[in-house]
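Please read it beside the sequence and the coordinates.

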Amino acid sequence: MTSDLIKRIYEHKHDLADGFTRKYKVHRLVWYEIHRSAETAITREKQIKKWNRKWKLDLIEQINPEWNDLYEEMINSVEPAPASKSRGGNDGNL
């Protein structure tokens, strides 16, 4: 569970995070879910961790049968944050 999925994926892709992905050199994002609250995300994560491997594979293949890396698609779909207005009355450019 994370509140910044793009950052977390970057960390895993570059082996900056300890754990499964670093140990087994797994660097493709093939599935993810978005939840409205941390509580529901944590509950879902705990639920899925109890599943057997086949159920997890089926879950992935329902939305990503080709096992494509979803990271590039994800970062290309994120819109940049709007520039904030400065208090000085200019147009906000540096």
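Predicted model: local features only at pLDDT ≥ 70, side-chain atom pairs only at ≥ 80, totals over all residues.

Residues are numbered from 1 along each chain as its sequence is written, and side-chain values use heavy atoms, with hydrogens and water left out.

**Helix H3**

Helices are DSSP runs of H or I with at least four residues, numbered from the N terminus. H3 has 12 residues and spans 16 Å from its first C-alpha to its last, close to the 16 Å expected at 1.5 Å a residue, where the expected span is 1.5 Å times one less than the number of residues. Its buried residues (buried means under 20% relative accessible area, exposed over 50%, partly exposed in between, with a 1.4 Å probe and protein chains only) are Ala 41, Arg 44 and Ile 48. Seen down the axis of H3, these buried residues fall within an arc of 65°, so they line one face of the helix; the arc is that of the directions from the helix axis to the C-beta atoms. They pack against helix H4 (53-63), while the face turned away from the buried side carries the exposed residues Glu 39, Thr 43, Lys 46 and Lys 49.

**Salt bridges**

A salt bridge is a side-chain nitrogen of Lys or Arg within 4 Å of a carboxyl oxygen of Asp or Glu. The whole structure holds 5 salt bridges, including those in the table.

| Pair | N to O distance |
|---|---|
| Asp 69 and Lys 13 | 2.6 Å |
| Lys 25 and Asp 15 | 3.2 Å |
| Glu 33 and Arg 44 | 2.8 Å |

Glu 33 lies in the loop between H2 and H3 and Arg 44 in helix H3, so this pair ties together parts that are 11 residues apart in sequence. At 31% relative accessibility, Glu 33 counts as partly exposed, and Lys 25 is exposed at 52%.

Val 30, in the loop between helix H2 (20-24) and helix H3 (38-49), counts as buried at 12% relative accessibility. Setting aside residues up to four places away in sequence, Val 30 touches Ile 60, Ile 63, Asn 64, Trp 67, Asn 68 and Leu 70, contact meaning heavy atoms within 4.5 Å.

Methods. Helix = DSSP H or I, 4+ residues; strand = E, 2+ residues; numbered from the N terminus.
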